[in-house]
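Trainee: Could you help me learn to read aromatic pairs and chain interfaces in a structure?
Mentor: Gladly, let's look together.

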Amino acid sequence: MKWEVFRQAKKKDYHTHVGDVHAPNAELARQYAQIMHARRKPANSLWVVPRDDIEEVHADEQGVAMGGTTQKEYRWATNYNTDETFAEEIEASQREQEEAERDLAGVDE
Amino acid sequence: MDVETVTERAGPREFGPGDEMPREYREAATRMIQFHANSEIMGAYIERPFIRQAPSLDRKLAVSAQVQDEIGHGQLLYRAAEELGVKTREEMLAELENGEGKFLNCFHYPLDDWYELPMIMFFVDGAAMRRQATLKRTSWEPYAHAIDKICFEEGFHIKHGEDILRTLATGSRKDQERLQEAFERWWPRILQFFGPTDDQSTHGDFSMAVGLKTMTNDDLRNAFLNAYVPKAEKYGLELPEYPRVEYHEDDDYYEVYEEDLDWEEFFTVAANEYPTGVGQIEKRRRAQDAVEWVRDAIETPQQGGVDPAAADD
């Protein structure tokens, strides 16, 4: 049985997917996950989830548009040519959106 | 955990669903997040008519995307509040439609014309963003997570609002005049966004002590004024004579004369008793009722052997 492992490096971080382990039951899955994914790298917490219990939506397989595969420039802060530097929180949002746009561009290539 | 321990440990994203939080904390956090969620929903209802009234296709698409975002924020926040175990999402939605749910003062007023839209989409959302940015450090982790996504999207709303503001401010003389009128009408309400002064705030101290809030109403209002008064002036908007806003040159900050603001109206608004606000709540109730059948259809198991998966075929 396959279990997916999500590691939280430090308290307050998000759990991110780090890989999987094969194990016959939850207890062994937790142990294997610890050994595989938390022995060397810092970990505050691990989530170990049966693979079969994870619902998935896959952009290509289901033919669904996710994360801006259609043209939606109007949805991005970067589309509006105004000065955001007057407030740091707007600048921060703009930076996050620029990063997301770069990631999307990377996916298309 | 008792309140004393909570106060000692309080810090950014310190507590989550795995922690046994005292009742006072859970109730204070629920009140705050539910207010925020309600405001997102009611804000969307204020903006919605402008999808139809937008003067161009681009504007129409952007307002539509924005309304969609706000509803999404509401849902995220109800989830974050629900994890406190005080009220379910259904209970909170029911409170909103029966007039018990509190929400932001600015969304109790009608929004009649396009010139007023930047008042919401730039100034009110800007004030909200100022406050929300500080909540990335709130002590209730699920709230902070919701805020991460909200702030990501909110930058677009404010920049779109500023884009509309600039278009109108650099338009015809008539555009400029109507924009100025809208500004004068909305400015006092916008100044009341952050609520009454710290010394009159009922829940502020506890929320600060347990890390739910990280900045006081007064500090937030000043930070907002410092960023947005120069911005209004840049677009040729003149601050009305009242409420008086004073610039303190020595310490480089703006201050509003609280006594110039209509707090009686504010508290009527806050109690959901202001006539136009009552109308907004009624609209929300009708919309909620109108789609009751959709919720029923989703939640009731299908009769007659139709498997939900059948929709995939």
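Mentor: We will go through the rings and then the interface of this predicted model.

Trainee: How is a pair of aromatic rings described?
Mentor: By the distance of the centres and the angle of the planes. Over all chains, a search of this structure finds 22 aromatic pairs. One of them joins Phe15(B) and Tyr25(B), with centres 5.5 Å apart and 80° between the planes. Planes over 60 degrees apart count as edge-to-face, so this pair is edge-to-face.

Trainee: Which parts of chain B does that pair tie together?
Mentor: Phe15(B) is in the loop between α1 (3-9) and α2 (23-47), while Tyr25(B) is in helix α2, so the pair links parts 10 residues apart in sequence.

Trainee: Is Phe15(B) buried or exposed?
Mentor: Buried means under 20% relative accessible area. Phe15(B) has 0% relative accessibility, so Phe15(B) counts as buried. Tyr25(B), also at 0%, counts as buried too.

Trainee: Which residue lies over the face of Tyr109(B)?
Mentor: That is Arg189(B), at 3.8 Å from the ring centre. Likewise, Arg244(B) lies over the face of Tyr257(B), at 4.4 Å from the ring centre.

Trainee: Now the interface: how many residues of chain A are in contact with chain B?
Mentor: There are 24, and they meet 35 residues of chain B. The buried area is about 2,400 Å², with carbon and sulfur atoms giving 54%.

Trainee: How many salt bridges does the rule find across this interface?
Mentor: Five. Lys12(A), for instance, forms a salt bridge with Glu14(B), their closest N and O atoms being 3.3 Å apart. On the side of chain A that touches chain B, helix α2 (residues 88-108) gives the most, with eight residues.

Notes:
Residues are numbered from 1 along each chain as its sequence is written. Chains are lettered from A and ligands numbered from 1 in the order in which they are written. This is a predicted model: local features need pLDDT of at least 70, side-chain atom pairs count only at pLDDT 80 or more; totals for chains, interfaces and linings use all residues. Side-chain values use heavy atoms; hydrogens and water are left out. Rings of Phe, Tyr and Trp (its six-membered ring) pair if their centres lie within 6.5 Å; planes under 30 degrees apart count as stacked, over 60 as edge-to-face and the rest as tilted. Helices (H or I, at least four residues) and strands (E, at least two) are DSSP runs, numbered from the N terminus. Buried means under 20% relative accessible area, exposed over 50%, partly exposed in between (1.4 Å probe, protein chains only). A charge sits over a ring if NZ of Lys or CZ of Arg is within 6 Å of the ring centre and within 35 degrees of the ring normal. Contact means heavy atoms within 4.5 Å. Buried area is the accessible area (1.4 Å probe) that two parts lose on being put together, summed over both. A salt bridge is a side-chain nitrogen of Lys or Arg within 4 Å of a carboxyl oxygen of Asp or Glu.
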